[in-house]
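Please open the structure in your viewer and keep the selection tool at hand. The stops below go from whole chains to single residues, and each says what to select and what is found there.

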Amino acid sequence: MSPGLRWGAIVLCAVLAGCASTAPNVTGSESQLESRQIQTREYDTLDKRMTLRSVVATLQDLGFTIDNADLTLGTITATRLYHHDKYVNYTMRMTVSVQEKQGDRVSVRANARLDENAIADPKTYQDFFAALDKAMFLTLHKVD
Amino acid sequence: MSFICSFQQRWYYLAVIFLTGFAAGCSSIPEEAYRLPQSSLSEREAQTRTFDVSDDSEILQASVALLQDMEYNVDAIEYPLGVLSASKVVDADSALQKAGAVAADVALAILSIISGSSPGGSVYAGTDDEIRLKITLVVLPSMAREGQHTARITIQRILIDKSERVKEVGVIEDPLVYQEVFQKLSKSLLLEEVAQ
């Protein structure tokens, strides 16, 4: 085998091995603590109901449609189909949960998935919480 | 510039092509996907109206009736959060467009038989097939005006072609569409009141 052919085969195998998965990822791939830190923000400005109202508004601002909402459990699930180009479309799904904490605080945790992958990139969550901050501000100042 | 390259170079190029292909195949987060668009406030304004109704159940009932009037199926309701989700599928193109695409396919097939070449695909398969519409309607007590309710509607449209490919996706931004929906909601409130 010529050196060129050998290198080509190695590169191809490495790429294939990188993308292939033998077992389904049932229990998630990220560290529990690390992902919670990236996905969670605490607020002390609004109560649970008003925070949920702001979350719904944020998801609408970002072009999501609401699939499910529950005040008692404080969860909202939403989907957005993102059209990248003629051949590539992404399905973005988010679950946001809002919990009451001690001292009139609420914690908001967001999980985002893009097609079959969970999003671990902190930048995505920073963008989402930046959008939520704006919606919380509008709710706080009673802007409909 | 010479296009003749060595065997080793060819493998190098092939590896680059494969890597690019695989990188494109694995989905990455579109950069602006979770970022608020510049126009978000003006869009929010166009999607929101305040109604002089103080009763929660009255405006929510009128909203459900509105969705039914507009021929949507209600997928989910969360009463305390005022969230209603509904969807429907509508035909995307007119009978004339379909007839034109079929005629073009017939013409292409005849031409390919005459010229002895294989037909290069179907015009009909590439035409629009259906539009999937998803509505999120949020009806809540107004924060700015006591004793009134605000309704915010967002509508997503997904255009699918005959080969089940997604051709276009987006939130409807035309303010006239929202204006028409809100006019219908006003009418629905009136009709519900009369029906009581």
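Select chain B and colour by secondary structure: from the N terminus on, its elements run α-α-β-α-β-β-α-α-β-β-β-α, which amounts to six helices and six strands. The model is a predicted one. Of the 196 residues in chain B, 21% are buried, and among the contacts of this chain with a separation of 6 or more, 60% are between residues 24 or more positions apart.

Now select chain A, where the order from the N terminus is α-α-β-α-β-β-β-β-β-α, with four helices and six strands. Buried residues make up 29% of the 144 residues here, and residues 24 or more positions apart account for 50% of the contacts with a separation of 6 or more in chain A.

**Helix 6 of chain B**

Return to chain B and select residues 175-195, which form helix 6. Helix 6 of chain B has 21 residues and reaches 30 Å from its first C-alpha to its last, close to the 30 Å expected at 1.5 Å a residue. Which of its residues are buried? Show the side chains of B:Tyr178, B:Val181, B:Leu185, B:Ser188 and B:Leu189, for these are the buried residues in question. They cover an arc of only 100° around the axis, and therefore sit on the same side of helix 6 of chain B.

**Where two helices cross**

From that set, keep helix 3 (residues 56-69) of chain B together with helix 6 of chain B: their axes come within 8 Å and cross at roughly 115°, and the crossing is right-handed. On the side of helix 3 of chain B, the contact is made by B:Glu58, B:Ile59, B:Gln61, B:Ala62, B:Ser63, B:Ala65, B:Leu66 and B:Asp69, while helix 6 of chain B contributes B:Lys184, B:Leu185, B:Ser188, B:Leu189 and B:Glu192. Coloured by class, this contact of helix 3 with helix 6 of chain B shows six nonpolar, three polar and four charged residues.

**B:His149**

Next, select B:His149, which lies in strand 5 (residues 149-161) of chain B. Is B:His149 buried or exposed? It has 25 other C-beta atoms within 10 Å and is therefore buried. Leaving aside neighbours within four places in sequence, B:His149 is in contact with B:Phe51, B:Val53, B:Ile59, B:Val139, B:Leu140, B:Pro141 and B:Ser142.

**Helix 3 of chain A and A:Asp61**

Move to chain A and select residues 48-61, its helix 3, whose 14 residues reach 20 Å from the first C-alpha to the last, close to the 20 Å expected at 1.5 Å a residue. Helix 3 of chain A is mostly covered, with 11 of its 14 residues buried, and A:Gly63, which follows this helix, has a positive phi near 85°.

Within helix 3 of chain A, pick out A:Asp61, which counts as buried because it has 22 C-beta neighbours inside 10 Å. Apart from neighbours within four places in sequence, A:Asp61 is in contact with A:Ala131 and A:Ala135, and also with B:Leu36, B:Ser40 and B:Arg44.

**Two loop residues with positive phi**

Most residues other than glycine have a negative phi. Select A:Asp104, in the loop between strand 4 (89-101) and strand 5 (105-114) of chain A, where phi is near 55°; A:Asp104 is exposed, with 11 other C-beta atoms within 10 Å.

Finish at B:Glu164, in the loop between strand 5 and strand 6 (166-171) of chain B, whose phi is also positive, near 65°. With 9 other C-beta atoms within 10 Å, B:Glu164 is exposed.

Methods. Residues are numbered from 1 along each chain as its sequence is written. Chains are lettered from A and ligands numbered from 1 in the order in which they are written. This is a predicted model: local features need pLDDT of at least 70, side-chain atom pairs count only at pLDDT 80 or more; totals for chains, interfaces and linings use all residues. Axes are lines fitted to C-alpha atoms, for helices over the stretch in contact, and angles run from 0 to 180 degrees between N-to-C directions. A crossing is left-handed if the near helix is turned anticlockwise from the far one by less than a right angle, and right-handed if clockwise. Two residues are in contact if their C-beta atoms, placed from the backbone, lie within 7 Å. Ala, Val, Leu, Ile, Met, Phe, Trp, Tyr, Cys and Pro count as nonpolar, Asp, Glu, Lys and Arg as charged, and the others, Gly among them, as polar. A residue is buried if 20 or more other C-beta atoms lie within 10 Å of its own, exposed if 12 or fewer, and partly exposed in between; C-beta atoms are placed from the backbone. The expected span of a helix is 1.5 Å times one less than its number of residues. The arc is that of the directions from the helix axis to the C-beta atoms.
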